[in-house]
Amino acid sequence: MTKITTATRAAIKQEFPNLTRDVKKFPVRDGEEPWTVREAEELAALLLEDKERLERELLVADRELSDLLRNSGDGAGDDQADYGSSALEREQELTLVNNMRDLLDQTNHALGRIRKGTYATCELTDLPIGKARLQAFPRATLSVEAKAREERRGA
């Protein structure tokens with residue numbers, strides 16, 4: 001994973017004062033090594049960096065979307081193709097903003113779970129999510145089995 005700077009480690013300790021204690025309670029799947037403080041710090045650092053980046057990008061995207069909506073009629077004339085193109089651009093920008101908001105919500109939720117000491121536990125089954133899954137997707141809230149069950153029901 002990534003190297004954590006002294007400043008980042010200090011920010012993690014401030015943001016998650018009980019992490020050293022809580023990480024011992026993070027569950028693991030059969031065959032996995034227990035969570036280490038370093039592994040938890042690396043994921044927390046990644047999530048904090050993502051949160052800051054998403055917040056910055058969301059501010060810019062919100063501003064661009066507002067400008068796009070405010071100026072949606074400018075220069076379009078009476079051409080239907082221009083109206084369609086403008087509508088498509090607005091829809092794409094709106095989708096981008098909504099996806100960013102969802103990702104920020106997931107990131108905040110993951111950070112909250114670390115803060116509460118419930119990280120790495122499946123929200124549906126209370127079983128371990130799995131270190132490999134969380135290291136690949138730190139925002140995961142469900143075990144692979146629970147996620148597959150959820151997707152089968154939704155399909």
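User: Over residues 122–146, what are the helix and strand percentages, and how far apart are the end C-alpha atoms?
Analyst: That stretch is 36% helix and 0% strand, with its end C-alpha atoms 8 Å apart. Helices (H or I, at least four residues) and strands (E, at least two) are DSSP runs, numbered from the N terminus. This is a predicted model, in which local features need pLDDT of at least 70 and side-chain atom pairs count only at pLDDT 80 or more, while totals for chains, interfaces and linings use all residues. Residues are numbered from 1 along each chain as its sequence is written, and side-chain values use heavy atoms, with hydrogens and water left out.

User: Which annotation covers 122–146?
Analyst: An unreviewed UniProt entry annotates residues 122–146 as "zinc finger region: dksA C4-type". UniProt positions follow the numbering used here, feature names are shortened, and annotations may be inferred rather than shown by experiment.

User: OK, the core. Which residues have the most contacts inside the largest one?
Analyst: Phe16, Phe26, Trp35, Tyr119 and Leu134, in a nonpolar core of 23 residues. Such a core is a set of buried Ala, Val, Leu, Ile, Met, Phe, Trp, Tyr and Cys residues joined through side-chain atoms within 4.5 Å. Buried means under 20% relative accessible area, exposed over 50%, partly exposed in between (1.4 Å probe, protein chains only).

User: Which helix gives the largest share of this core?
Analyst: α3, with 6 residues.

User: And what does Leu134 touch?
Analyst: Leaving out residues up to four places away in sequence, Leu134 touches Trp35, Leu43, Tyr119, Ala120, Ile129 and Ala140. Contact means heavy atoms within 4.5 Å.

User: How many aromatic pairs?
Analyst: The structure holds 3. Rings of Phe, Tyr and Trp (its six-membered ring) pair if their centres lie within 6.5 Å; planes under 30 degrees apart count as stacked, over 60 as edge-to-face and the rest as tilted. Phe26 and Tyr119 have ring centres 5.8 Å apart and planes at 55°, so the pair is tilted. Phe26 and Tyr119 are 93 residues apart in the chain.

User: Why is Tyr119 counted as buried?
Analyst: Because its relative accessibility is 2%. The Trp35 and Tyr119 rings have centres 6.3 Å apart and planes at 65°, so that pair is edge-to-face. Ring pairs link Phe26, Trp35 and Tyr119 into a cluster.

User: Switching to Glu93: buried or exposed?
Analyst: Glu93 is buried and has no salt bridge (a side-chain nitrogen of Lys or Arg within 4 Å of a carboxyl oxygen of Asp or Glu). The nearest side chain of opposite charge, Arg101, is 10 Å away. Lys and Arg count as positive and Asp and Glu as negative; His and the chain ends are not counted.
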